[in-house]
Amino acid sequence: MLSHPENNSIFTPEQFLENRGRVAIFIDGSNLFYAALQLGIEIDYTKLLCRLTAGSRLLRSFFYTGVDRTNEKQQGFLLWMRRNGYRVIAKDLVQLPDGSKKANLDVEIAVDMMALVGSYDTAVLVSGDGDLAYAVNAVSYRGVRVEVVSLRSMTSDSLINVADRYIDLESVKEDIQKMPRPNHTTYTYRPLSSITMMEEGNP
């Protein structure tokens with residue numbers, strides 16, 4: 001008796017039904033960092049990429065972040081990201097009157113989502129920023145399926161309302177967190193400013 005092909009497949013029935021096609025991933029670095037901070041976890045970016053791709057064909061994974069060019073540890077982290085499956089889009093931090101530093105990359109995320117329409121079938125947006133709802137709605141009308149991944153307490157209702165699927169980071173944290181291992185250098189993130197990431201050591 002012949003078995004059904006899906007019985008021997010690495011895909012789950014859910015993934016068969018979804019038919020996500022080509023996937024493009026857009027990650028708001030600062031939003032993800034603060035979500036991880038609230039969850040009390042450190043992100044394993046290799047696991048994250050695997051979880052978000054979920055067996056589908058990956059077109060490209062973008063990581064957007066504010067950057068301090070003088071911070072060697074942060075530069076080391078971003079170099080590791082570039083060499084491990086991510087296209088890093090970095091923007092210099094701007095000092096605000098109150099002394100804090102910030103870099104807003106909403107425009108870059110929106111432009112890239114629109115510019116690549118036609119090259120991908122599903123967009124995975126890792127952000128809870130309601131300012132991106134207009135861009136999500138626009139690419140949806142161009143035939144793109146949009147999945148939003150973010151922590152519920154940090155996610156705008158307007159963004160969830162225009163997405164085809166919403167995934168709470170809380171529900172997948174076990175799949176994406178870095179597990180401490182003996183004799184292994186791990187990431188240690190500390191906010192350098194209001195929106196910045198640092199890393200001590202490479203994986």
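1. Strand S1 (residues 22-28) and strand S2 (residues 57-67) are paired in the parallel sense, and seven bridges connect them. Within this pairing, Ile27 has Phe63 of S2 as its bridge partner. The model discussed here is a predicted one.

2. The S1 and S2 strands belong to an open sheet of six strands with parallel pairing, ordered S3-S2-S1-S6-S7-S8. The edges are taken by strand S3 (87-92) and strand S8 (165-168); each has a single partner strand, so one side of each is left without a neighbour in the sheet. On average, and with direction ignored, neighbouring strands of this sheet are turned by 15° against each other.

3. Helix H5 packs on this sheet, where it touches S1, S2, S3 and strand S6 (122-126). The direction of H5 makes about 175° with that of S1.

4. Helix H5 (residues 106-115) packs with helix H6 (residues 133-141) at an angle of about 0°, and their axes are 10 Å apart. Because angles under 35 degrees count as roughly parallel, H5 is described as roughly parallel to H6. On the H5 side the contact is made by Ala110, Met113 and Met114, and on the H6 side by Ala135, Val136, Ala138 and Val139. Classed by residue type, this contact has seven nonpolar residues, with no polar and no charged ones.

5. Helix H2 (residues 29-39) has eight of its 11 residues buried, so it is largely enclosed by the rest of the structure. Which residues of H2 are buried? They are Gly29, Ser30, Asn31, Leu32, Phe33, Ala35, Ala36 and Leu39. The elements covering them include four strands of the sheet described above, namely S1, S2, S6 and strand S7 (145-150). Helix H3 (45-53) and helix H8 (169-176) are also included in this cover. Just after H2, Gly40 adopts a positive phi of about 75°.

6. Some values for the whole protein complete the note. The secondary structure comprises eight helices and eight strands. The protein has 203 residues, of which 43% count as buried. Among contacts with a separation of 6 or more, 65% are accounted for by residues 24 or more positions apart.

Note on methods
Residues are numbered from 1 along each chain as its sequence is written. This is a predicted model: local features need pLDDT of at least 70, side-chain atom pairs count only at pLDDT 80 or more; totals for chains, interfaces and linings use all residues. Side-chain values use heavy atoms; hydrogens and water are left out. Axes are lines fitted to C-alpha atoms, for helices over the stretch in contact, and angles run from 0 to 180 degrees between N-to-C directions. Helices (H or I, at least four residues) and strands (E, at least two) are DSSP runs, numbered from the N terminus. Angles under 35 degrees count as roughly parallel, over 145 as roughly antiparallel, 65 to 115 as roughly perpendicular and the rest as oblique. Contact means heavy atoms within 4.5 Å. Ala, Val, Leu, Ile, Met, Phe, Trp, Tyr, Cys and Pro count as nonpolar, Asp, Glu, Lys and Arg as charged, and the others, Gly among them, as polar. Two strands pair if DSSP finds at least two bridges between them. Buried means under 20% relative accessible area, exposed over 50%, partly exposed in between (1.4 Å probe, protein chains only).
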